[in-house]
Amino acid sequence: MTNTPVKDNHQFQVLIVGAGPVGLLLANLLGQKGVSCLLIDKRTVRPEWSRAIGITPPSLGILEQADLHHHFIRRGVHVRNACVHDDYGYAGRVNFDDISAAFQYILAIPQADNMEILEKKLDDSEHVVFERGRRLTSVNCCNDSVHASFIDEKTGCRTDVSGKWLIGCDGSSSTTRELAGIPFRRRSYKPRFVMADYYDTTDWQDDAHLFFTKEGSLESFPLHDKRRRWVALVTQKEGKADADFLERQTKRLSNQNLEGRRCSKVFDFIPELIKVSSLYKDRVILAGDSAHVMTPIGGQGMNTGFGDAEYLSNILPVLLEAGEGINADDLLQAYNRCRQKAAGASRRHTAS
């Protein structure tokens, strides 16, 4: 990754907006293929905490393509069993023994660690420029290029750059999507959830535990460094989504005492749904949460975004070399169909 500051009218092959897991993975995959990329993010520092913690076997396969899987596997917990409980107690378990993938487990790793690994890997790439604290302000497409402007969040200085394609990986409130004028629908789900990480005093080791009862639902996932993620559905009668509720509900449903063991902030959230009319317009392409948002329960959102990044890393080199006999719109329509279908399947999976 080059540290040379980007100057006005600098030209790249691909501009990537948003350095979350999807944008970072895409930059790594393209950089390995010799594609010159500018990756920008409006945040000045990497976030320390996030909701996403689960990487699925197909996503681990994608990381293996970039020779990244070893780094992830060393930092994550291999969750091979999900133990399910209901009103009558232990109901059974779900495992991954029968899947044919090379990785027969969910890798539990905090998104902050995920991003740290991906960012460090960019240091090996001479084709990627990564700049933090840069906010996208305009996008204009021409016949064979796209021109973008961004503002330095500290100095307020503007820089104009150009590329052949611009990829929006900038999340559910995507500036790229807005500037490109891509229509979308947004709605909120009814349930509310509260989550936090606690020091793990259970004897559950690397197993996830899921509680579905008349009193509510609770999910628990192991993390490295003897921590465990707890997520509880907030019932209407309970009201406030805070640490007290999470600890009460955990004691009630799992008989685990979390009091005094919290090691992260407490977050509450109402899941959202975002669906775009198309994943591309002119020379702007969307990936990850800028293209599709679903409930984080079930851990499908980031993994769907990883699939977007893999697909784009395969077609963008073709688009960049497009000559006679290659129809760019055909490739983009195929990307749109495939990834819209994948997002739809993920939404149905998380809703079931």
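Student: What share of the 352 residues in the protein is buried?
Tutor: Buried residues make up 53% of the 352. Keep in mind that this is a predicted model.

Student: How do I read the overall dimensions?
Tutor: A compact globule of 352 residues would come out near 20 Å, and the protein has 21 Å, which agrees. The C-alpha trace spans about 65 × 45 × 35 Å along its principal axes. As for surface, the protein exposes about 16700 Å², and carbon and sulfur atoms supply 46% of that.

Student: How many helices and strands are there?
Tutor: Eight helices and 23 strands.

Student: With strands, what should I look for in a sheet?
Tutor: The general idea is that strands of a sheet pair through backbone hydrogen bonds, either parallel or antiparallel. Here's a case: three strands form an open sheet in the order β14-β20-β23, with antiparallel pairing. Strands β14 (184-188) and β23 (292-293) stand at the edges with a single partner strand each, so one side of each has no neighbour in the sheet.

Student: How many bridges join β20 to β23?
Tutor: Two, linking β20 (residues 272-276) to β23 in antiparallel fashion. To find the spot, go to Lys275, which stands opposite His292 in β23.

Student: Which residues does Arg134 touch beyond its neighbours within four places in sequence?
Tutor: Ile40, Asp41, Lys42, Phe150, Ile151, Asp152 and Glu153. Arg134 itself lies in strand β10, residues 134-141.

Student: Is Arg134 buried or exposed?
Tutor: Here you need the cut-off: buried means under 20% relative accessible area. Arg134 has 18% relative accessibility, so it counts as buried.

Student: What does the Arg134 side chain make a polar contact with?
Tutor: The side chain of Glu131, at 3.0 Å. A polar atom of the Arg134 side chain also lies 3.0 Å from the backbone oxygen of Arg132.

Student: Are Cys37 and Cys83 buried or exposed?
Tutor: Cys37 counts as buried, at 0% relative accessibility. Cys83 is buried too, with a relative accessible area of 7%.

Note on methods: Residues are numbered from 1 along each chain as its sequence is written. This is a predicted model: local features need pLDDT of at least 70, side-chain atom pairs count only at pLDDT 80 or more; totals for chains, interfaces and linings use all residues. Side-chain values use heavy atoms; hydrogens and water are left out. Helices (H or I, at least four residues) and strands (E, at least two) are DSSP runs, numbered from the N terminus. Buried means under 20% relative accessible area, exposed over 50%, partly exposed in between (1.4 Å probe, protein chains only). A polar contact is a pair of N or O atoms within 3.5 Å; within protein, one must be able to donate a hydrogen and the other to accept it, and residues adjacent in sequence count only if both atoms are side-chain atoms. Contact means heavy atoms within 4.5 Å. Two strands pair if DSSP finds at least two bridges between them. The radius of gyration is taken over C-alpha atoms; the globule rule is 2.2 Å times the number of residues to the power 0.38. Accessible areas come from the Shrake-Rupley method with a 1.4 Å probe; for residues, only the protein chains shown count as cover.
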